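Please read the report below alongside the sequence and the coordinates.

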Amino acid sequence: LEQAEQLIKTVQDKKYRGMEAAVKALQDYTTRHTALRDGYQTKVLADELEDLCRSVRSKLDEADRRFAKGPPKEWWDEAMQELESVGELIEQVSSDKYKGMDMAERTLANYQQRSTAMRAEYQSKALGDALDDAVRAVRSKLHDAEYKFAKGPPKSWWDEAMEHLEEAEGLMAEVRDNKFNGMEGQLKCVQDYDTRAQKLRADYHTFVLADELDDACREVRSKLHSAEEKFKKGPPKEWWDEAME
């Protein structure tokens, strides 16, 4: 049949357009091709697909069973592992060879519904405490940074504050983990961190780096003035050499 699919392209060539033999051949090909494909799906692919769909349902049922055993969290984790293992089967069910088959479409829709519901419940029940702990750690470091920044000057307090801010940035990696995506606590923590971190860095630039830059600029101007004064003393050439140094 696949060889016939290649040969029919020759019959479809523009040079044969409108010729009775070509028209009949295309009609005959379409009718018989469709019948063969339908027959193949019915007799061969249907059995394969049924086995795949049965495996998908079995794994989803097992994931539901394990999830229902929780708490403790270990059961919810096991349920999610079982759910992830369904992914490979779903890829097979969604392959082109099963496209248009009612059983495949129903299985895909059922998987989407059940997996979405389970992931949402997992976030709510299993990840809530973990996210709370991560958020609490970040906010604690931010508080330390703000508290120490407020103690300055001297500059050493501001430097310590920035060290705490860098530690908070490291802790934010856990909060930003994909497993927490879509959870309200993650979004609020990211917004809070970005606002407070931006203010601390801006204040650091204002209070610390501005003074450092002033000192550096003053030193530049002093060196330029010294070079100009020495250059004016020449000749001899030695003064000009010193000025260039």
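What follows describes a predicted model, beginning with the chain as a whole.

**Overall form**

The protein holds seven helices and zero strands, and reading along the sequence gives the pattern α-α-α-α-α-α-α. Its radius of gyration is 36 Å, well over the 18 Å that the globule rule gives for 245 residues, so the protein is more spread out than a compact globule. The C-alpha trace spans about 105 × 65 × 25 Å along its principal axes. Of the 245 residues, 26% count as buried. Among contacts with a separation of 6 or more, 64% are accounted for by residues 24 or more positions apart.

| Pair | Angle | Axis distance | Contact residues by class |
|---|---|---|---|
| H2 (residues 20-69) and H3 (residues 73-93) | roughly 165° | within 8 Å | 14 nonpolar, three polar, six charged |
| H6 (residues 184-232) and H7 (residues 237-244) | about 170° | 7 Å | five nonpolar, no polar, two charged |

The axes of H2 and H3 cross at roughly 165°, and because angles over 145 degrees count as roughly antiparallel, H2 is described as roughly antiparallel to H3. The crossing of H2 past H3 is left-handed. On the H2 side the contact includes Leu49, Leu52, Val56, Leu60, Ala63 and Phe67, while the H3 side includes Trp75, Trp76, Ala79, Leu83, Val86, Leu89, Ile90 and Val93. Charged residues also take part, including Lys59, Glu62, Arg66 and Lys69 in H2 and Glu78 and Glu82 in H3.

For the second pair, H6 and H7 pack at an angle of about 170°, which makes H6 roughly antiparallel to H7. Here Ala227, Lys230 and Phe231 of H6 meet Trp239, Trp240, Glu242 and Ala243 of H7.

**Glutamate 82**

Is glutamate 82, one of the H3 residues in the contact with H2, buried or exposed? Its relative accessibility is 13%, and since buried means under 20%, glutamate 82 counts as buried. This residue lies in helix H3. Leaving aside residues up to four places away in sequence, glutamate 82 touches Lys59, Glu62, Ala63 and Arg66, and these four residues are also listed on the H2 side of the contact between H2 and H3.

Notes. Residues numbered from 1 in each chain as written. Predicted model: local features only at pLDDT ≥ 70, side-chain atom pairs only at ≥ 80, totals over all residues. Heavy atoms only, no water. Axes fitted to C-alpha atoms, helices over the stretch in contact; angles between N-to-C directions. Parallel < 35°, antiparallel > 145°, perpendicular 65-115°, else oblique. Left-handed = near helix turned anticlockwise from the far one by under 90°. Contact = heavy atoms within 4.5 Å. Rg over C-alpha atoms; globule rule 2.2 N^0.38 Å. Buried < 20%, exposed > 50% of the residue type's maximum accessible area, 1.4 Å probe, protein only.
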